[in-house]
Amino acid sequence: MAKGNKGSGGESSNIEVFARVRPSRRFSSNLEVDYADHAVSLRIPKSEQGGLVNNSREHWAFPFTRVLDASTNQEAVFETVARPVADSVLEGFNGTIFAYGQTGSGKTFTITGGAERYVDRGIIPRVIAYLFAKVAERPEQIYEVRVSYLEIYNEVGYDLLDEKQDTQSMEDLPKVSLLEDEDGKVHLRNLSAQLARSEEEALNLLFVGDTNRMISETPMNLASSRSHCIFTISIDARRPDSEVVRRSKLHLVDLAGSERVKKTGIEGKVLSEAKYINLSLHFLEQVIVALQEKQKFIPYRNSMMTSVLRDSLGGNCRTVMVATLAPEEEQLDETISSCRFAQRVAHISNRLEVNEEVDPKRLIARLKAQLRELKEELQVLRGEGYERSISALSGEERERCELLVREYLANVDPEPILAPGEMAKVQYCYRLLRERALAAPSDAGGGKGNGESSCINSGVREEEMETLRLQLQQR
């Protein structure tokens, strides 16, 4: 995998592709895992129905970034696949982790996890816990975490985090539509971004979304996901004294499973769902092929899913794919298809850029404060501002004066400057200094040493008050 090449558009990185083999009691002898070379080898013997002249291929070998076999637990999957991406997101990069494979191969178990045991938690709940733990370790930064959950069912988007409590069916959820701006960026209308102040709040949102998901029973899976789901964690980070904010997003994608209708024999509603699923996966593969072949036109707009994942595929994002493989003999043809798709994805190169921008709200607030201070200074120079009394000062203005006085007293400069602005504020600062001076003897306590210290402090405060009196006379 090519990684770390820097160009004009930032650092470039190929998509990392992992393979995860599902546990099975009927593990095929024609599927072998090479742990030394991180590869999966498959063999499908030629069928006698092909006749004497049969040129069909028998052997396949697919290299991966790493192969996770049936003995790999959920914690190891997180450490190997998700943790590096989560670290990048905390540094301001976008990230995407998506699972691809046939129905029943373990995609939802990998991304979301199992519901029966705590140790079976998937990538999403583990990433949530990891991100909030890391945020708690960085008190010097201010973080805001928001969560959204999009479901694409039959090519229609739905918001799984709808706040309504009377949701009975998929039709009750708000429909999400796509909007594209002049710069080609895709925006999702009606998709809420819920504020999560803690790990518990984020996990509660995940639970609400999973409850609203569309699942059906199929011959391949008793609880098959019949839609594509994208769980997005948005993080804004900034320093308290800065208007520059880092905005990053982490997409955690559980794709619906591909299946061959002829083999499964499904019908009715499940058949209709399978058609939409296979069609959207076909459009996804078209995008992958176009990116691999470096075509000029990339058909992102063919489906809602490819439009949403536009940055994840060939854009500004660190993307990781997990190909879930079924090891049974009768499923080897689908396993080969999944491996082929993974090899195409591995050739796609994304560019990595830190998402930094100036927060317009904080910039406007700072400029307004500067403008207010300049107006107050202009009032003093013109001899204006006497119409207001101390009682007219607001609580915010009083707090500002108290801060200026504390900074003035703590300043080690032999000629410190106290410039609160208009006359009412100057008088309030003078009152604060007077209160401190009068309170000094009672704070000094008994004893000769304390008496000398009190005299010194009193002398210092008298000098400060004299300086302030001169300032008042000048104005």
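Trainee: Which residue stands opposite Gly 157 in S10?

Mentor: Ile 152 stands opposite Gly 157 in S10. Before we go on, this is a predicted model, where local features need pLDDT of at least 70 and side-chain atom pairs count only at pLDDT 80 or more, while totals for chains, interfaces and linings use all residues. Residues are numbered from 1 along each chain as its sequence is written, and side-chain values use heavy atoms, with hydrogens and water left out.

Trainee: OK, and how many bridges pair S9 and S10?

Mentor: Strand S9 (residues 142-153) and strand S10 (residues 156-159) pair in the antiparallel sense over 4 bridges, where two strands pair if DSSP finds at least two bridges between them. Strands here are DSSP runs of E with at least two residues, helices are runs of H or I with at least four residues, and both are numbered from the N terminus.

Trainee: What about the hairpin, which residue takes a positive phi there?

Mentor: Asn 154 does, with a phi near 55 degrees, in the hairpin of S9 and S10, which has 2 residues between the strands.

Trainee: And which strand do 2 bridges join to S10?

Mentor: That is strand S11 (residues 175-180), which runs antiparallel to S10, and Tyr 158 stands opposite Lys 175 in S11.

Trainee: Changing topic, what is the order of the strands in the open sheet?

Mentor: The 3 strands come in the order S4-S5-S6, with antiparallel pairing. The edge strands are S4 (31-34) and S6 (59-63), each of which pairs on one side only. Strand S5 (residues 39-43) is joined to S6 by 5 bridges, and Arg 43 stands opposite His 59 in S6.

Trainee: Now helices: which residues of H10 are buried?

Mentor: The buried residues of H10 are Glu 397, Cys 401, Leu 404, Val 405 and Tyr 408, buried being under 20% relative accessible area, exposed over 50% and partly exposed in between, with a 1.4 Å probe and protein chains only. They cover an arc of only 100 degrees around the axis, which puts them on the same side of H10; the arc is that of the directions from the helix axis to the C-beta atoms.

Trainee: Which residues are exposed on the other side of H10?

Mentor: Glu 396, Glu 399 and Ala 410 are exposed there.
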